Amino acid sequence: MMRLEGIAAEIARRYGYRPIETPLFEQTAVFERGIGDATDVVEKELFRLAPRTDESESWSLRPEPTAGIVRAYIQHGMQTWPQPVKLMLIGPMFRYDRPQAGRYREFWQFDIEAIGDPGPAVDAEIIELADRFYREAGIQDPVIFINSIGDEACRPAYVTELVAFYGDHLDRLPPPERDRLARNPLRLLDSKDPAMVELNATAPRITDHLCEACAEHFAAVRSHLDALGVAYRLDPHLVRGLDYYTRTAFEVYPAGVAGQQSALGGGGRYDGLVELLGGRPTPAIGFGLGLDRVLLALEAAGLGAIADPSPAAVVVGADPAATADRLRIATMLRAAGLVARAELSRRKLGKQLEAAARDRAHFAVIVGDELADGQVQLRDLEAGTQKVVDVDHLAREIGRAHEAHHHGVAAPSS
Ligand code: HAM
């Protein structure tokens, strides 16, 4: 998890997103109004805090960060900053649900929000950012689905048509979907129930009902993604589980896997949310990527082990008792920016070397009698070679060789 957080923070920094922390809990109204009170997230999954007798406000743990970030944007006058305000947050979210594989009550998101830019270029930039995060995290070929779900100008007429379509096929709707029809008809479109999948194949498509402005926006998002070389698939049935979305919507899945539980992340435009929560009308877009799901996908692909980097060097010693020497040399290597471990047990040299090999260390630094002359033996465990090196040159020597073998690993600045 920390490795993923590090990659997320570094990418966000490169793209100019500044960190924001919002409280783990907010007034329930922020979520009810922002996310929509007919959504599963608010209706069924909100962790409501028990009210104190002297407290008239209702509070809930955050199920997602976007509503709280927009609340902070308005409250702290970020509308007066140069726009767009580009923010990122990494942290835990809480949704009360039956825990199951990939669906936890506490889970971590990497969240990005660009508030104050109507797009379409920033839409593509954000989707590309998500794609880059997955690739740097080690997910091979994440599959990005995109759609436009229109805006207040074109969506109402489409929803009316969709409700009429389902009304003509009421007998084919499973009972939970029939319930939803009155409250949240769009959600029927991404039902995974086989009967619904079949029915939805003939349902009217939002992309055939976009107003001119939304259609133009969507075409431009696609042409920007094409210009960036980001692969995506169009999915006219993609709707999101939160009510605040307008126009661009996207979700990411591991290659060859579908189904709500495996979405690695999702996001989209929410041009009405700032105004809905009491600010001036302000366009915005963002995403939330599920870090637990990314870890699960890496494990499923047999890549769980990349989470623990092997050391560049393990410092071992001929004199098992000379732990201070080994520790001092490892400390010096770490100060030079190298991943190094000192063998602090008092076992025999042979056992120490075995452990270094098991750690998949590139080098073993063997501290022996030469230390009196300021030297140590440097054994390249990958190449099987060994030589005497001045302690003063050790970090530079290991750093250079380690970088040459492992592209992308930074050399120390000595
Ligand atoms: P979301 O689709 O509800 O969007 O959640 C984003 C991601 O969080 C999901 O794709 C999934 O990877 C992960 N996730 C959601 N629920 C769980 C869970 N119970 N256990 C594990 N992982 C989970 C949002 O939250 C929006 N705020 C995204 C956004 C930001 N849109 C605009 N800006």
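Biologist: Over how many bridges do strand E4 and E5 pair, and in which sense?
Modeller: The model is a predicted one. In it, strand E4 covers residues 85–94, and Pro-92 has Trp-108 of E5 as its bridge partner. E4 and E5 run in the antiparallel sense, and their pairing extends over 10 bridges.

Biologist: Which strands stand at the edges of the open sheet of eight strands?
Modeller: The sheet has mixed pairing and the order E1-E4-E5-E10-E9-E8-E6-E7. A strand at an edge has a single partner strand, so one of its sides is left without a neighbour in the sheet. Here that applies to strand E1 (18–19) and strand E7 (233–234).

Biologist: How many residues surround the ligand, and how do they divide into nonpolar, polar and charged?
Modeller: Among the closest residues are Glu-64, Glu-113 and Arg-240, and Tyr-245 and Ala-263 also belong to that group. The shell holds 26 residues in total. They divide into seven charged, nine nonpolar and 10 polar.

Biologist: Which residue has a polar backbone atom 2.8 Å from an oxygen atom of the ligand?
Modeller: Several backbone atoms come into question. Tyr-104 has a polar backbone atom 2.9 Å from a ligand atom, but that ligand atom is a nitrogen. Phe-287 also faces a ligand nitrogen, with a backbone N or O atom at 3.4 Å. The oxygen atom of the ligand is 2.8 Å from a polar backbone atom of Ala-263.

Biologist: What share of the ligand's exposed area does the protein bury?
Modeller: Taken alone, the ligand exposes 670 Å². The protein buries 95% of that.

Biologist: How many disulfides does a search of the whole structure find?
Modeller: A disulfide is a covalent bond between the sulfur atoms of two cysteines. For Cys-154, the nearest cysteine sulfur is that of Cys-211, 3.5 Å away, and Cys-154 is in no disulfide. The sulfur of Cys-214 is 3.6 Å from its closest cysteine sulfur, also in Cys-211, which is too far for a bond. The count for the whole structure is zero.

Biologist: Are Cys-154 and Cys-214 buried or exposed?
Modeller: The cut-off for buried is under 20% relative accessible area. Cys-154 has 4%, and Cys-214 has 0%. Cys-154 is therefore buried, and Cys-214 is likewise buried.

Key:
Residues numbered from 1 in each chain as written. Predicted model: local features only at pLDDT ≥ 70, side-chain atom pairs only at ≥ 80, totals over all residues. Heavy atoms only, no water. Near = heavy atom within 4 Å. Polar contact = N/O pair within 3.5 Å; in protein donor to acceptor, adjacent residues only side chain to side chain. Areas by Shrake-Rupley, 256 points an atom, 1.4 Å probe, with all protein chains shown as cover. Nonpolar A, V, L, I, M, F, W, Y, C, P; charged D, E, K, R; others polar. Disulfide = S-S within 2.5 Å. Buried < 20%, exposed > 50% of the residue type's maximum accessible area, 1.4 Å probe, protein only. Pairing = 2+ DSSP bridges. Helix = DSSP H or I, 4+ residues; strand = E, 2+ residues; numbered from the N terminus.
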